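Please keep the sequence and the model in view while reading.

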Amino acid sequence: MPAHPEPAEPPEPPGPAASAGTAGTAGTAGTIRTARLDLLPLRVEHAEEMVQVLGDPALHAFIGGVPDTPAALRARYARLVAGSPDPGVRWLNWVLRRRADACLVGAVQATVTGEVAEIAWVVGTSWQGRGFASEAAQGLVDRLTRQSGSVRIVVAHIRPDHHASASVATAAGLSPTDREQDGEVRWELTVWA
């Protein structure tokens, strides 16, 4: 997964980012349904289960940092749910709930500035390799570009050696560019009206 950019702070594992409202609470983003997942707008209460989903130190090899404590994750989710202090930036955050057993398996996020959305995703170690990240990223990109109609450019930043995230970005319609930022390749999808 790409480094999970948290708006106005250094990248951390998700609480998915951005919300669809102007000052954005995640609840305004609405649920996204895919074949196997419900992408639920982030709530502070999700921290209790997500601390387990994100708790494997091996997960942080690519996303950086260390697993959050329950209190730290609750505090981060509270910041995200409160929304961006910048009225020109929307924070959209979802947790991924596997419909078959109502289990949370990861998160996706988008930080939307004008017509540009920067996205990121993370799936817990126990649920990787099952296509959940690709499915969620596709649902997210569809919501941002087709259903909302306001996003024209979708961006993700991926480490060159993270082949699984490159596959997720490809599945979501993004392509690598020749630009890098902080050692990560910029991937993009441009949607023409």
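Predicted model: local features only at pLDDT ≥ 70, side-chain atom pairs only at ≥ 80, totals over all residues.

Residues are numbered from 1 along each chain as its sequence is written, and side-chain values use heavy atoms, with hydrogens and water left out. The protein has five helices and eight strands; helices (H or I, at least four residues) and strands (E, at least two) are DSSP runs, numbered from the N terminus.

**Overall fold**

- Along the sequence, the elements follow the pattern β-β-α-α-α-β-β-β-α-β-α-β-β.
- Of the 193 residues in the protein, 51% are buried; buried means under 20% relative accessible area, exposed over 50%, and partly exposed in between (1.4 Å probe, protein chains only).
- Among the contacts in the protein with a separation of 6 or more, 67% are between residues 24 or more positions apart; a contact means heavy atoms within 4.5 Å.
- The protein exposes about 8300 Å², of which carbon and sulfur atoms supply 56%; accessible areas come from the Shrake-Rupley method with a 1.4 Å probe, and for residues only the protein chains shown count as cover.

**The sheet**

- Eight strands form an open sheet of mixed pairing, in the order S1-S2-S3-S4-S5-S6-S8-S7; two strands pair if DSSP finds at least two bridges between them.
- Strand S1 (32-33) and S7 stand at the edges with a single partner strand each, so one side of each has no neighbour in the sheet.
- Strands of a sheet pair through backbone hydrogen bonds, either parallel or antiparallel.
- Strand S5 (residues 116-123) and strand S6 (residues 153-158) run parallel and are joined by three bridges, with Ala-117 opposite Val-154 in S6.

**Strand S3 and its partners**

- Strand S3 (residues 89-98) is largely enclosed by the rest of the structure, because eight of its 10 residues are buried.
- Strand S2 (residues 37-41) runs antiparallel to S3 and is joined to it by five bridges; here Leu-40 stands opposite Val-95 in S3.
- S3 is also joined to strand S4 (residues 103-113), in the antiparallel sense, by 10 bridges, and Arg-90 has Val-112 in S4 as its bridge partner.

**Two hairpins with positive phi**

- The hairpin of S3 and S4 has four residues between the strands.
- Ala-102 lies in the loop between S3 and S4 and has a positive phi of about 60 degrees although it is not a glycine.
- With a relative accessible area of 48%, Ala-102 is partly exposed.
- Strand S7 (residues 175-181) and strand S8 (residues 184-190) pair antiparallel over four bridges; the bridge partner of Ser-175 in S8 is Glu-188.
- The hairpin of S7 and S8 has two residues between the strands.
- Asp-182, in the loop between S7 and S8, is a residue other than glycine with a positive phi near 50 degrees.
- Asp-182 counts as exposed, at 74% relative accessibility.

**Glu-49 in helix H1**

- Glu-49 is located in helix H1 (residues 47-53) and is partly exposed, with a relative accessible area of 33%.
- Apart from its neighbours within four places in sequence, Glu-49 is in contact with Ala-102, Cys-103 and Leu-104.
- The C-alpha atoms of Glu-49 and Pro-70 are 9.1 Å apart in space, and the two residues are 21 apart in sequence.

**The cavity**

- Rolling a probe the size of a water molecule over the atoms shows where empty space is left.
- The structure holds one cavity of 30 Å³ or more; on a 1 Å grid over the protein atoms alone, a cavity is a set of points where a 1.4 Å probe fits but cannot get out, and lining residues have an atom within 4 Å of a point.
- The largest cavity has a volume of about 40 Å³; grid points are joined across faces, edges and corners, and a volume is the space filled by probe spheres set on the points.
- The lining of the largest cavity consists of Val-51, Leu-54, Gly-55, Pro-67, Asp-68, Leu-73 and Arg-76.
- By class, this lining has four nonpolar, one polar and two charged residues; Ala, Val, Leu, Ile, Met, Phe, Trp, Tyr, Cys and Pro count as nonpolar, Asp, Glu, Lys and Arg as charged, and the others, Gly among them, as polar.

Technical notes: 1 Å grid on protein atoms, 1.4 Å probe; cavity = no way out; pocket = protein on both sides within 12 Å on 5 of 7 lines; lining within 4 Å.
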